[in-house]
Amino acid sequence: MKTPISKFKLYELSVQSPNWQVDYLPQFHQWLTGKDPLHFREDFCGSGRIACEWVKRSKKHKAVGIDLDREVLAYANDVNRAELKRDQQSRVQFLRQDVKKAMPAKFDMIGAFNFSYFGFHERKELLRYARAAFKSLKSKGTFFLEVAGGPGFIEPHREVKTISVPQLGKVTQVWEQHQFDPITSVNDYSIHFKLPDGEWLNDAFTYHWRVWSIRELREILKDAGFKESVVLWERPDEEGEGSGEYLPTENSELSHSYIAYVVGVK
Ligand SMILES: C[S@@+](CC[C@H](N)C(=O)[O-])C[C@H]1O[C@@H](n2cnc3c(N)ncnc32)[C@H](O)[C@@H]1O
């Protein structure tokens with residue numbers, strides 16, 4: 001009998017690298033605030049991989065993941081949290097909550113990865129989210145917004161890659177960009193998977209996103225109360241490709257497509 005594979009597992013294996021966020025980004029928090037971040041909130045957490053990775057770093061590291069979707073939160077708890085050691089489990093929590101609502105708990109660092117806040121199309125919605133994040137941070141807290149852009153992120157495009165899925169085999173992942181609307185700045189994106197037996201999971205994930213610019217994000221962070229914002233921009237290597245190293249940057253040439261971080265500092 002065929003073992004059903006969770007689409008969330010396929011998403012994690014093809015899209016995420018939680019070690020990277022947890023190992024690399026806190027050094028910028030330390031640089032901006034002089035402190036090591038210990039209490040972290042993963043917004044739009046989905047299956048909560050980053051929060052689960054966070055609590056592996058030390059016994060002082062605590063994390064909360066928030067999302068609205070009951071199905072993915074059940075996966076976060078029953079699969080990813082359940083795989084942690086008991087002590088680590090006690091330091092991570094998943095909550096069903098709207099990120100636009102402030103929380104009484106205060107965090108050192110809040111992150112919104114894979115552009116999930118692009119789901120907010122109106123400025124007032126994104127501002128409400130930024131204000132709620134501001135209120136949920138300790139003084140000297142940081143708010144990391146992962147942002148994507150450039151012509152290569154809005155042109156119609158299909159990108160195909162193969163991933164190895166333990167106990168299943170080779171799975172093809174297709175990232176599809178549909179028609180960008182230059183008037184509303186809205187674009188549709190889809191993720192499809194083809195399983196080793198040839199079955200297609202079409203539109204396993206779909207996104208209807210407003211593509212926010214870095215400048216708009218910085219203005220919104222300022223209006224939400226953040227005392228400064230820093231842009232972490234990827235340094236190009238000798239061939240002009242991404243080097244994997246991000247540096248605080250104020251001006252840049254346009255890359256065909258980019259992923260950057262806009263960091264609000266409270
Ligand atoms: C792109 S997916 C998650 C991506 C994941 N953070 C990552 O890094 O790959 C977006 C998630 O945001 C959640 N979401 C959408 N609107 C939300 C809101 N207002 N508050 C909390 N979660 C929300 C959805 O349920 C979905 O799980």
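Two residues are in contact if their C-beta atoms, placed from the backbone, lie within 7 Å. Helices (H or I, at least four residues) and strands (E, at least two) are DSSP runs, numbered from the N terminus. Axes are lines fitted to C-alpha atoms, for helices over the stretch in contact, and angles run from 0 to 180 degrees between N-to-C directions.

This is a predicted model: local features need pLDDT of at least 70, side-chain atom pairs count only at pLDDT 80 or more, and totals for chains, interfaces and linings use all residues. Residue numbers start from 1 along each chain as its sequence is written.

**The whole chain**

Show the protein chain as a cartoon. How many helices and strands does the chain have? There are 9 helices and 12 strands. The chain's radius of gyration, taken over C-alpha atoms, is 18 Å. The globule rule (2.2 Å times the number of residues to the power 0.38) also gives 18 Å for 266 residues, so the chain is as compact as a globular protein of that length. Along its principal axes the C-alpha trace spans about 55 × 50 × 40 Å.

**Two domains**

Colour 8-29, 37-149 and 213-265 together: they make up domain 1. The C-alpha centres of the two domains lie 22 Å apart. Now look at where they touch: 12 residues from domain 1 meet 14 residues from domain 2. On the domain 1 side, α1 and β5 (137-149) each supply at least two residues. The largest share, 4 residues, comes from α1. By class, this side of domain 1 has 6 nonpolar, 6 polar and no charged residues. For these classes, Ala, Val, Leu, Ile, Met, Phe, Trp, Tyr, Cys and Pro count as nonpolar, Asp, Glu, Lys and Arg as charged, and the others, Gly among them, as polar.

**The sheet of 8 strands**

Next comes an open sheet with the order β3-β2-β1-β4-β5-β12-β10-β11 and mixed pairing. Strands pair if DSSP finds at least two bridges between them. Select β3 (92-96) and β11 (242-248): they stand at the edges with a single partner strand each, so one side of each is left without a neighbour in the sheet. From one strand to the next, the twist averages 20°.

Zoom in on β12 (residues 258-265). It runs antiparallel to β5, and 8 bridges join the two. Find E146 and its bridge partner Y261 in β12. L232 has Y261 as its bridge partner.

Which strands does α3 (residues 26-33) lie across? They are β4 (107-112), β5, β10 and β12, and α3 runs at about 130° to β5. Helix α5 (residues 70-81) lies across β2 (62-67) and β3, at about 165° to β3.

**The sheet of 4 strands**

Move to the other open sheet, ordered β6-β7-β8-β9 with antiparallel pairing. Its edge strands are β6 (157-165) and β9 (200-210), each pairing on one side only. The twist here averages 20° from one strand to the next.

Walk across it strand by strand. β6 and β7 (residues 169-177) pair over 9 bridges. Pick T162, whose bridge partner in β7 is T172. Bring back α1 (residues 7-15): this helix packs on the sheet, touching β6, β7, β8 (186-194) and β9. The direction of α1 makes about 105° with that of β6.

Carry on to β7 and β8, which pair over 6 bridges. W175 stands opposite I191 in β8. Then β8 and β9 pair over 8 bridges, with S190 opposite T206 in β9. These two strands form a hairpin with 5 residues between them. Stop at G198 in the turn, where phi is positive at about 95°.

**The ligand**

Last stop: select the ligand and its shell. Here a residue is near a molecule if its C-beta atom, placed from the backbone, lies within 6 Å of it. How many residues surround the ligand? There are 17, and the closest are F44, G46, D69, F113 and N114. By class, the shell has 8 nonpolar, 5 polar and 4 charged residues.

How values were computed:
Domain bounds come from an automatic or database domain assignment.
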